[in-house]
Amino acid sequence: MTNNPAQAMVDWDLAVSLGSRVAGDGPRVTADEAAAAVAELRAGANRSTGLVREFTGLVAEERTAPVVVVDRPGWIQANADSFATILGPVIEQLAAKKGQPSGVALSVGSKVTGAEVGGLLGFLAGKVLGQFDPFFGSTGRLLLVAPNIVHVERELDALPRDFRLWVCLHEETHRVQFTAVPWMRDHLFGEMQRIAETLEPSRLLDDGLKRVAEALRGGGGTSLIDAIGTPEQKEIIERVTGVMSLLEGHADVVMDGVGPNVIPTVAEIRRSFDRRRKGVGPLDRVLRRLLGLDAKMAQYRDGAAFVRGVVAKVGMHEFNAVWERPENLPTKAEIGEPAAWVSRVL
């Protein structure tokens, strides 16, 4: 992926190989079923562009970012590529503070880290239905994970045509958010760089190990992200949390707002899907807590409540002021108080 010595601290090839083995292949499908799913997902993503534009008023040109239907290993490879880009500043900062290892030490360390990243990607690869990757190339790309979509639609006993379009609406909204709001990509990347500049390697390692132990004991309720804990870091994390809550909640509002007009079984899909989000086993709960995925579920809920609260008060057109410039993004506190955002921005 790269010859950068700092990024050599992670063996990305090992991460992809191990992650693919952990993830497995997904449900059994015939060649015809696979081809039909790929074609329907591509069509659903393209159809969703106009539906999202009509509902939100956000204008993103057709096909400004590619739609890529992938299997689990394909999703892992795409995210390893993205992580190598996103984590570059972090790794370089850690290398500068710790001193760059060399020879055998560098090789062993990169494989250990690659194995850790591979395990994480392998777990997530069996869960993710779709994702917009804003850091790919100059436009980003929309990834739809066909095996997982087929697996969940079967698990929910949902009508495949309806469920696939429902997923596409959510993920296409993310594509529109980043392509219609071109400053969003650089804004998020800049926040990540600011976090990297404040990292202390020894504290990050010590606190990270404590979080793992707490999660495995079933206590604490905190994630690895909580190992980043200086006041400056927390301030940045709160800003990023506000943005991510907005993006995820906005996508949920769009899929539920557009759905009734184009997806006959949308109400049944939403009920079944929400029940599935809650019905996880003990190991899954530990991993979700450790990786911060419980917080992501809260982002969907809180962000959607924020969007609905603002739209109910001032309408969608006025709500879209949130996309005009970074200063208009809601803070984490404002996500819970839509009226406060309205008073500040409008």
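First, the ground rules. This is a predicted model, so local features need pLDDT of at least 70 and side-chain atom pairs count only at pLDDT 80 or more, while totals for chains, interfaces and linings use all residues. Residues are numbered from 1 along each chain as its sequence is written, and side-chain values use heavy atoms, with hydrogens and water left out.

Overall picture. The chain has 16 helices and 3 strands. Helices here are DSSP runs of H or I with at least four residues, strands are runs of E with at least two, and both are numbered from the N terminus. Of the 346 residues, 47% count as buried. Buried means under 20% relative accessible area, exposed means over 50%, and partly exposed is in between, with a 1.4 Å probe and protein chains only. Now contacts, meaning heavy atoms within 4.5 Å. Take those with a separation of 6 or more: residues 24 or more positions apart account for 80% of them.

Next, the sheet. It is open, has 3 strands, and runs in the order β1-β3-β2 with mixed pairing. Two strands pair if DSSP finds at least two bridges between them. Which strands sit at the edges? They are β1 (67-70) and β2 (130-133), and each pairs on one side only. Neighbouring strands are turned by 20° against each other on average, direction ignored. Angles run from 0 to 180 degrees between N-to-C directions, and axes are lines fitted to C-alpha atoms, for helices over the stretch in contact. β1 and β3 (residues 141-145) pair in the parallel sense over 4 bridges. Within β3, Leu142 stands opposite Val67.

Two helices cover this sheet. Helix α3 (residues 72-86) lies across β1, β2 and β3, and runs at about 150° to β3. Helix α6 (residues 146-155) packs on the sheet too, touching β1 and β3, with its direction at about 45° to that of β3.

Stay with α6 for a moment. 7 of its 10 residues are buried, so α6 is largely enclosed by the rest of the structure. Among the buried ones are Pro147, Ile149, Val150 and Glu153. After α6 comes Asp157, with a positive phi near 55°.

Now a helix pair. Two packed helices are described by the angle between their axes and the distance between the axes. For α2 (residues 31-56) and α7 (residues 160-180), the angle is about 50° and the axes are 8 Å apart. That makes α2 and α7 oblique to each other. The cut-offs: under 35 degrees is roughly parallel, over 145 roughly antiparallel, 65 to 115 roughly perpendicular, and the rest oblique. The crossing of α2 and α7 is right-handed. The contact includes Leu41, Gly44 and Ala45 from α2, and Leu165, Cys168 and Leu169 from α7.

Last, two single residues. Where is Gly303? Gly303 is in helix α13 (residues 293-314). At 0% relative accessibility, Gly303 counts as buried. Leaving aside neighbours within four places in sequence, Gly303 is in contact with Ser245, Gly249, Ala298 and Ile335. The C-alpha atoms of Gly303 and His250 are separated by 6.6 Å, at 53 residues apart along the chain.

Then Asn320. Asn320 is in the loop between α14 (316-319) and α15 (332-335). Buried or exposed? Asn320 counts as buried, at 14% relative accessibility. Not counting residues up to four places away in sequence, Asn320 touches Thr56, Gly57 and Leu58.

Methods: Left-handed = near helix turned anticlockwise from the far one by under 90°.
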